[in-house]
Amino acid sequence: GPGGWSDGDSRLDRVVSARDAGPMTDASERRVRPWPLLNADSATSRPEAAPPPQRPPLPMLGASDRAVRVHTVTEADQSPWEIAITASRARLAPWNPSGPGMVSVHLARQSEALRTFLIRAHKGMGGHDVVGSVHISVDPGAPWGALLSYDAYDPYAQRRLFSAGFRLVLGLAFASNEGLGLSRLAANVAPANERSTALLLSTGF
């Protein structure tokens with residue numbers, strides 16, 4: 001699954017209007033009054049624009065059982081996540097052709113409207129411990145409330161570890177105190193992806 005620029009546009013309109021106005025004319029004396037010149041002193045005396053407010057950090061969410069743990073992503077997860085995607089790229093290509101370069105994109109997009117969870121094995125294999133990823137895109141105005149998408153990575157596919165972690169993520173999605181507090185969650189899956197469909201049916205979708 002998983003702006004507006006009204007303020008910038010209004011500033012641009014004011015600049016264009018000033019330029020279109022041209023020189024001011026005094027009607028009584030018919031003299032042209034030029035625009036005041038901007039000198040170095042006046043330029044440096046202007047107060048600097050205040051920096052944009054810092055966005056508060058997103059709360060970390062997580063859960064675990066005997067086989068796996070799940071948590072929301074951070075910058076520290078980039079390298080193992082990229083390794084997992086690279087190892088699974090050929091198998092995932094028919095359903096999700098994105099490559100490891102998308103990891104940085106997902107990390108940059110994390111917000112209250114998009115939370116990504118990684119499923120991690122307690123005992124790693126194949127050079128990494130990332131079993132899979134689950135993205136939850138929240139849209140309060142949509143009838144479905146939130147939409148999820150996911151990938152299972154090699155060599156953990158078909159070892160039941162992903163389904164265990166997927167259930168933990170669903171629990172966090174609906175938890176009100178230490179989760180996302182969702183009331184409805186939908187999944188978008190290709191009909192030909194029978195394994196993905198079976199996972200959804202086994203978890204109550």
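**Notes on the predicted model**

1. Let's start at the sheet: L148 stands opposite A187 in β8. Keep in mind that this is a predicted model. The strands β7 and β8 run parallel where they pair, and 2 bridges hold that pairing in the assignment.

2. Stepping back to the whole sheet, there are 6 strands in the order β3-β4-β5-β6-β7-β8; the sheet is open and its pairing is mixed. The edges belong to β3 (62-64) and β8 (186-187); each has a single partner strand, so one side of each has no neighbour in the sheet. As a reminder, strands of a sheet pair through backbone hydrogen bonds, in either the parallel or the antiparallel sense.

3. On to the aromatics. The count is 3 aromatic pairs. One of them is Y150 with F162, a tilted pair with centres 5.9 Å apart and 40° between the planes. This pair ties together distant parts of the chain, since Y150 sits in strand β7 (residues 146-152) and F162 in helix α5 (residues 161-174), 12 residues apart. Y150 has a relative accessible area of 16%, so it falls under the 20% cut-off and is buried. F162 is buried too, with a relative accessible area of 8%.

4. What is the geometry of the F162 and F166 rings? Their centres are 5.9 Å apart and their planes lie at 25°; that is under the 30 degrees cut-off, so the pair counts as stacked. F162 and F166 are 4 residues apart in helix α5, which means that about one helical turn separates them. Both of these phenylalanines are buried. Taken together, Y150, F162 and F166 are linked by ring pairs into a cluster.

5. Is H106 buried or exposed? Its relative accessibility is 12%, so H106 counts as buried. H106 belongs to helix α4 (residues 102-108). Leaving aside residues up to four places away in sequence, H106 touches W81 and H135.

6. Last, a look at the second largest pocket, which holds about 250 Å³ of space. Which residues lie nearest its centre? They are L58, V73, T74, L107 and Q110, out of a lining of 13 residues. By class, that lining comprises 7 nonpolar, 3 polar and 3 charged residues.

Note on methods
Residues numbered from 1 in each chain as written. Predicted model: local features only at pLDDT ≥ 70, side-chain atom pairs only at ≥ 80, totals over all residues. Heavy atoms only, no water. 1 Å grid on protein atoms, 1.4 Å probe; cavity = no way out; pocket = protein on both sides within 12 Å on 5 of 7 lines; lining within 4 Å. Points joined across faces, edges and corners; volume = space filled by probe spheres on them. Nonpolar A, V, L, I, M, F, W, Y, C, P; charged D, E, K, R; others polar. Buried < 20%, exposed > 50% of the residue type's maximum accessible area, 1.4 Å probe, protein only. Contact = heavy atoms within 4.5 Å. Phe/Tyr/Trp six-rings, centres within 6.5 Å; stacked < 30°, edge-to-face > 60°. Pairing = 2+ DSSP bridges.
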